[in-house]
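Here is a friendly walk through a model, meant to be read with the coordinates open. Please load them and follow along.

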Amino acid sequence: MTAVSSPSHRISAFFHRKPQLRLGLLLTAPMLWLGLAYLGALAALFITAFWSTDVFTGKVVTDWSFDNFVTLFSDSVYRTITFRTVGIALLVTVIDAVIAFPMAFAMAKLASPKAQRVLVIMVMTPLWASYLVKAYAWRTLLSGNGVLNWLLDPLGLSAPGYGVTATVITLSYLWLPYMILPIYAGLERLPVSLVDASGDLGAKSFRTFRSVILPLTFPAIVAGSIFTFSLSLGDYIAVKIVGGTSQMLGNVVYDNIGAANNLPFAATVATVPVVIMLVYLAAVRRTGALDNL
Amino acid sequence: MSKPARVLLWTALGAGFAVIYFPLLVVLLNSVNADTTFGWPPKSFTLEWWGRAITNEGALHALWTSVIAGLSATAIALVLGTMAAFALQKYRFFGRNSLSLLVILPIALPGIVTGIALNNAFRTIFGLDLGLMTAIVAHATFCIVVVFNNVVARLRRMGGNLEEASMDLGADGMTTFRLVTFPMLRSALLAGGLLAFALSFDEIIVTTFTLGTGMETLPIWIYNNLFRPNQAPVVNVVAAVLIVVSTVPVYLAQRLSGGDSSSGGRI
């Protein structure tokens, strides 16, 4: 038993007897990084939202006031942009859920196990084909002499051009895989026997869907919606690429940091999506959706 | 299930994939479209844009920056994500649920929030100048969750039996980790690392706010050149290359994770 006396053995025996200490060591670095640095940064941002910028020097003035929030809520421009952003995010989420559900269902319940693997890879591949490349692809598709107009012209139709519709289409396209994958994972876990049992008890397809499948996969849909909703809320690049003149909250934040050099107001605007997301996360925590991420 | 329902579902799946892949195909085709405004249908084809892209110094330099940032962020995320995964999966303690929420937060909150929060913190709290380092720190922050998810899924599937057996047979903690735990985690770590790298490589919003001025990652280079008419064809080639190359990490990660991270996330 020479190993007993080796220092490394003694050290690990020491840690083995002290699980608290092991946990502490494991947690220190991630907690410092996420807990202090990241949460600290968020807290600092929130505090900055109550400050202001000196009009002449452009420097941040650390006087506390609610002025920024008053501007945000009273100025009709910002109100419109807030409603537009939340509206677009909701619409994108609903569109993605409606498109993703049947796709995920076919993948999880109709395809063979071997085909399932291939289909999952097929969903994931475009997920990594660069955000910008995809947004840009839609720009060329939607452009005046682009493919869509070429396809639609014989039917007497035309592409929507750049604007809110184009933004909704592009965002729905970008985030679709984020909806398909969690729903697929949820449906994969759903036992077929429950669906069969429902049928045996006389339920028609729609009734089975409404009373059995939907309630059981709801957490998975919510999990997907966290991404589609949050990613849409904060986006400003797709809007710049295909949005025409319409703006979203992200554009206001971006412009206030860059051109306007008003960090406090940018911080104020940024608290809107944060508050919306935190309320949303708190609301969906009970559904168990967060374990589906 | 009834036959019409099956046909309908298969059709939906096929149509969905057609919509997903059609725009990407158009980008690939446009990268050899001789018309600089990508008029459709293409009248003639050329490889000129490819030649210009391969020798484009800005793009190559940006690619290099992206690779460095991605590798560094991935390395940090691998360490921190694995530590957090062990702590949360193997121990029950007060605040455990809040902590798992905290790991998710950097990707659950919109990128622009993470971006300006870190931008503000780096400059005003820590008094740092933005540079490559700050971008790496920012990337690592949202990459942690990808590694975390992969490792947690693997640990959950592994259980603790083999480690207990190893300890019963007299191996100490380090030896057990080296000979039992780590080998079983290896593919999950590789999958998590690949996905973290891909996530970092593609990130643009957070990068915009945390990378020093005058530096470009590849997405930022694309964005800066997107609206320059004479650069459009070169951007298109870079886009086409990214589409093709992006299939590699996804394929590898999927093989390596053995399906335990089939759920979504930005994963």
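Where in chain A is the place of T48(A)? T48(A) sits in helix α2 (residues 19-48) of chain A; helices here are DSSP runs of H or I with at least four residues, strands are runs of E with at least two, and both are numbered from the N terminus.

Before going further, a word on conventions. This is a predicted model, in which local features need pLDDT of at least 70, side-chain atom pairs count only at pLDDT 80 or more, and totals for chains, interfaces and linings use all residues. Residues are numbered from 1 along each chain as its sequence is written, chains are lettered from A and ligands numbered from 1 in the order in which they are written, and side-chain values use heavy atoms, with hydrogens and water left out.

**Around T48(A)**

T48(A) is buried, with a relative accessible area of 4%. Buried stands for under 20% relative accessible area, exposed for over 50%, and partly exposed for what lies in between (1.4 Å probe, protein chains only). A polar atom of the T48(A) side chain lies 2.7 Å from the backbone oxygen of A44(A). Beyond its neighbours within four places in sequence, T48(A) is in contact (heavy atoms within 4.5 Å) with L263(A), P264(A), A267(A) and, from chain B, N120(B).

**Where the chains meet**

The contact between the chains takes 95 residues from chain A and 95 residues from chain B. About 8,500 Å² is buried between them, with 78% of that given by carbon and sulfur atoms; buried area is the accessible area (1.4 Å probe) that two parts lose on being put together, summed over both. On the side of chain B that touches chain A, helix α1 (residues 3-30) of chain B gives the most, with 16 residues.

**The nonpolar core**

Which residues touch the most other members of the largest nonpolar core? They are I180(A), L187(A) and I237(A), in a core of 169 residues. Such a core is a set of buried Ala, Val, Leu, Ile, Met, Phe, Trp, Tyr and Cys residues joined through side-chain atoms within 4.5 Å. Helix α4 (residues 76-110) of chain A supplies the largest share of this core, 15 residues. Leaving aside neighbours within four places in sequence, I237(A) touches Y131(A) and L132(A), along with I204(B), I205(B) and Y223(B).

**One salt bridge**

How many salt bridges does the structure hold over all chains? The count is 1, where a salt bridge is a side-chain nitrogen of Lys or Arg within 4 Å of a carboxyl oxygen of Asp or Glu. E163(B) pairs with K90(B), and their closest N and O atoms are 2.8 Å apart. The two partners lie in distant parts of the chain, 73 residues apart.

**Chain B as a whole**

Chain B comes to 11 helices and 0 strands. Its C-alpha atoms fill a box of roughly 70 × 65 × 30 Å along the principal axes. Of the 267 residues in chain B, 55% are buried. Among chain B contacts between residues at least 6 apart in sequence, 70% join residues at least 24 apart. Helix α10 (residues 218-226) of chain B is largely enclosed by the rest of the structure, because 8 of its 9 residues are buried. Among them are W221(B) and Y223(B).

How values were computed. A polar contact is a pair of N or O atoms within 3.5 Å; within protein, one must be able to donate a hydrogen and the other to accept it, and residues adjacent in sequence count only if both atoms are side-chain atoms.
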